[in-house]
Amino acid sequence: MTRPLITHLRHVDLAVPDIDRQLAFYTDMWGLTQVASDTGISFLAAEGSPEQYVVRIRQAQDKRLDLIAFGAATPTDVDTLAQRLGQDGVTLITEPSALDTPGGGYGFRFFDVDGRTVEVSAEVETRTHRRVEQRESIPVRLSHVVINSPDPTATVAFYNKHLSFALSDTLTHPHMGDVMWFMRCNQWHHSLAIARGPHVALHHASFELRGIDEFMRGSGRLLRAGVEKVWGPGRHTAGDNTFSYFLDPHGNTVEYTTELEQLYEDTWHPHIYDFSDPSVADQWGTANPMNEFVARQSFNDPDRGVFIAPPC
């Protein structure tokens, strides 16, 4: 078996037409900290995370998911992965080189099978971070990213074959078949999940809070401020994590979560969960029902200008 070269999720990058409105939401309301900026671009960190930033926001004419970034252990691993992808016919956007984003590092970018941009990097300087205190309802880290794909089985196969992501669990439905695949690159139940959707887009980005109390306080703060809630609060079965989903100013779904399951690799066996069972969606029974409104919000708007990648 090929040794996994991806170590963790670094950041998610969003393009939006109104950067000022987006920035105000993610700093004043969501609880991230702006750590760097340039003309039309801002970098936002989570106070509890050593990552230089977990969200990048870019001013653009069209809203879209710009990029998902993952970490690797060493520059040699970056080079090895780039070489393997190139040999397998994956389109590289950039060759491995020094990065000019906050924290620097060494990395490259490529298109996945759906045409979205993915970055892999190593030796990015760690950020001076701090312990998030009790009752402080701000994100500790970026937990996971979920993406929509019109051909999810091909997308799952791509991340398994080329990036060695392992399948943790699958959600299935008696009328729709398999609808979501949870994939891991480390001990966390999932850093990436792939959902069946009508087009290529971001499904949601999830941010981990310190604990249940902080999760509920953060959810309540957003509700009191009138931020549109999509779904929650509740607790999923797959991953055993809590969830509250909200819409950012441009209609992207973002999640507060906590207590995502950590797996023992040698003993874990993937489950297939029936998503028509309400307890699979929400163990507690506290969230609003999963219905067409919730699903429609998660479909998001189609990403414009994605690269049409050849099969590989």
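How many nonpolar, polar and charged residues does the lining of the second largest cavity have? The model examined here is predicted, with residues numbered from 1 along each chain as its sequence is written, and local features need pLDDT of at least 70, while side-chain atom pairs count only at pLDDT 80 or more and totals for chains, interfaces and linings use all residues. Side-chain values rest on heavy atoms, with hydrogens and water left out.

To take the question directly, the lining of the second largest cavity has 4 nonpolar, 2 polar and 4 charged residues. In this scheme Ala, Val, Leu, Ile, Met, Phe, Trp, Tyr, Cys and Pro count as nonpolar, Asp, Glu, Lys and Arg as charged, and the others, Gly among them, as polar. The residues in question are Lys63, Arg64, Leu65, Ala201, Leu202, Asn252, Asn300, Asp301, Pro302 and Asp303.

A search of the whole structure finds 2 cavities of 30 Å³ or more. A cavity is a set of points, on a 1 Å grid over the protein atoms alone, where a 1.4 Å probe fits but cannot get out, and lining residues have an atom within 4 Å of a point. Points are joined across faces, edges and corners, and a volume is the space filled by probe spheres set on them. The largest cavity, at about 70 Å³, has a lining of 4 nonpolar, 5 polar and 3 charged residues, including Arg10, Glu51, Tyr53 and Glu119. Here strand 1 (6–16) and strand 8 (117–122) each contribute at least two lining residues.

Turning to the aromatic residues, the structure holds 14 aromatic pairs. Rings of Phe, Tyr and Trp (its six-membered ring) pair if their centres lie within 6.5 Å, with planes under 30 degrees apart counted as stacked, over 60 as edge-to-face and the rest as tilted. Trp30 and Phe207 form an edge-to-face pair, because their ring centres are 5.8 Å apart and their planes stand at 80°. This pair links distant parts of the chain, 177 residues apart: Trp30 sits in the loop between helix 1 (19–29) and strand 2 (33–38), and Phe207 in strand 13. Both Trp30 and Phe207 are buried (under 20% relative accessible area, with exposed over 50% and partly exposed in between; 1.4 Å probe, protein chains only). Together with Phe25, Tyr26, Phe246 and Tyr256, they form one aromatic cluster.

Conventions: 1 Å grid on protein atoms, 1.4 Å probe; cavity = no way out; pocket = protein on both sides within 12 Å on 5 of 7 lines; lining within 4 Å. Helix = DSSP H or I, 4+ residues; strand = E, 2+ residues; numbered from the N terminus.
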